[in-house]
Structures are given as structure tokens and as C-alpha cells.
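User: I would like to learn how to read a cavity and a strand in a model. Can we take them one at a time?

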Amino acid sequence: MAEHRKPRRRSLGGTTVRTAATLALAGAATATAFEGTGNAEPNPTPAQVRARVDKLYQEAEAATEKYNGAKEDAEAAQRHLRTLRDEAARKEDRLNAARDALGSIAAAQYRRGGLAPAAQLALSDDPRQYLDSAAFAERAGDRQAVAVAGVRKQVREIEQLRATARGELSTLRSRQKELQRQKKTIDGKLDAARSLLDRLSTEERARFGQGSSGQGRASRAGSAERGDLTAPGAGGTAAPSSRAAASVSYAYSKLGSPYVWGATGPNAFDCSGLVQAAYRSAGVSLPRTTYAQIDAGRRVARSELRPGDLVFFYSGISHVGLYIGNGQMIHAPNPSAPVRVAPIDQMPFAGATRVV
């Protein structure tokens, strides 16, 4: 009789072990390859860090301008909503007064008993006085009808105001959500930039803060520079107006101020906040965002720039500076660099506007 044998279990040895090891190594290699795809340079050079950080700052600034616009829209919606509510409250007060007046008229009619006119004439001791009273009552009835129509109109107006207010409240909440989205984007970009900068030495970070062209200047300008609005190196080109000159003077006075996104001064600025504050000091009101500021005046060619002109950069119009002459501007660059003088060819030029 044939001997029945149980199937023998194969141990994880020999070829099996080699196969498993091969698969494990292949898996590890694949995982490493995927990881490398997302982070091909685990130890980037200082130049690579600078390029990445510059890109993150540019993206953060674009988000900042969207944040500034959403904030402006939210504030406008808040003001409109408050106006609607105030107007509705005033109309409700007038409506209540009109209703009280109608109540008085109705009560008077009830007290008169509502007798038919013929009966009242027959029972009256003085027919002439009755006829005079009847004429008065008829006029009072006309006034009552007008009053009723007025009350109905006021009710409709209040209902319309409340519906508009509900719509404005919905808009406000939408703007507030947009603010939160942009804030989250900005914080994420800036956190990523800080993480990259932490890889650099103190000396490398200091060099980074001097600007990519090395021509930026973080220190405050001297009083002589601030007094001469055709300096430094403006080639004798003067500001086109006293207000433009005043805005340039203000910008000089803020050299060295820190960059803070969303800030409009007086001690910290983002790029559009600095330009807005500079012209505000000269009595000129500018919009809050770069993409609105570029339409706030007359467009000028790069070859026609004069001190006080607004110069814009990048295809999305996400950065702005104040031209001071000789190819130079004052601007608020990014969180790694304070308000400074820099050449306008430091970034991709997108256009220019002369405000006054």
C-alpha cells in the first residue's frame, strides 16, 4: 500500500528568502524613487534655497493681495449690512407710528357707532352741523385710506430691506471664508519659506536678506537723500506733482520698516500697503490691492517713468513699488527684507501708473 505523506511545508530559506529579499529591496527602491520625485534635492544648495524661497514669497504675496481684496470686500459688506439694518429700524419706527395713528382712527369710528348717514341726519338736532361733520368724516376717511396704503407700502419696503440684508449677510460670510482660505495659504507659504531658510547658516540668511541682486538697501536713507527727491541718481528727473513728491518723501522716511502681510503702516507694510500709505500721506486715496492700484491712474510706459509713479511686477500684478528715478524704486519686498531701495529690473516688469 502506498505510503500517504503530508505535503511538506517549505521553509523561508534558499530561493524563497532570496526572492523575498529581492522584492523587499525593489519595494524600497521604488519607495525611494517616489520620494525622490517629490524631493529630488534633499540637501539643496543656498542658491536653490534662495530660488525656492523667492518663489514661495511671490506666491504668498499673490495670496496676500487676494486677502487684502477679500478683506476690503468684507468690510464693505459689513458697512452695507449695517446701513440696511439701520434703515430697517428707522422704517419700523415710522411703521409703528403709522399703525398707532390708524388705531386711533378706528377707535374713533367705533365710538361713533357706525350709524347710517340718513339715520344720523334724521336724529341730528342741527342738520347743518351734521353736514359739516359728515364732510369732515369723509375727508378723514380719505386720510385713513391713504394711511392704510402708506402702512402697506412701508411693510413691503421693510420686507425688501430684510431680504437684501439677508443677501448681504450671506455675501459677508462668503468674504470671511475667503479671508480664512487666503490666510491659510499665506501662512502655509511663509511657513515653508521659513523651513527652507532654517537650513541656511546665519551668514547665508543675512546674505539672502540683502536681495537677489545684492543692490537692495535695508538701512534708512540719510536726511540729504530724503530732502532731494531727484536723488539717488534720478538723473535730474523731478516728480510730476507736489503730491507725487510727497509720496516719495514718505516712502524714504519708511526705509527699514518691516514687511508684514496685510499691513498699511505706519510702522509695518506689505507692498501695496506701503504705496497706499505713501499717497495717503499726500492726500490721495488709492485702492488697497495691486490689481486695483494699477487702474487708479494713467498708464505710462517704462521709458516715461518719473518719481512717484507706481511700478508693478509679475503677470498677476502681485507686487508694486514706488518709483524714485534712475531705474530705482522703494518697495516692501517680503518678510526677509524690510522696506528698501531696489532696481525695478529685479523682478519681471508688468506696467506702471501715474496717479497724479
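Analyst: Start with the naming of elements: helices (H or I, at least four residues) and strands (E, at least two) are DSSP runs, numbered from the N terminus. This is a predicted model, where local features need pLDDT of at least 70, side-chain atom pairs count only at pLDDT 80 or more, and totals for chains, interfaces and linings use all residues. Residues are numbered from 1 along each chain as its sequence is written, and side-chain values use heavy atoms, without hydrogens and water.

User: Which helix gives the most to the lining of the largest cavity?

Analyst: A cavity is a set of points on a 1 Å grid over the protein atoms alone where a 1.4 Å probe fits but cannot get out; lining residues have an atom within 4 Å of a point. Here helix 2 gives the most, with 4 residues. Helix 2 (46–112) and helix 4 (127–197) each supply at least two. The lining includes Y57, W261 and P335.

User: Is strand 4 buried or exposed on its faces?

Analyst: In a regular strand the side chains alternate between the two faces of the sheet. Buried means under 20% relative accessible area (1.4 Å probe, protein chains only). In strand 4 (residues 328–331), Q328 and I330 on one side and M329 and H331 on the other are all buried.

User: What are the bridge partners of I330?

Analyst: Two strands pair if DSSP finds at least two bridges between them. Strand 3 (residues 319–325) runs antiparallel to strand 4, with 3 bridges; there L322 partners I330. Strand 5 (residues 340–343) also pairs antiparallel with strand 4, over 4 bridges. Its partner for I330 is V341.

Notes. 1 Å grid on protein atoms, 1.4 Å probe; cavity = no way out; pocket = protein on both sides within 12 Å on 5 of 7 lines; lining within 4 Å. Buried < 20%, exposed > 50% of the residue type's maximum accessible area, 1.4 Å probe, protein only.
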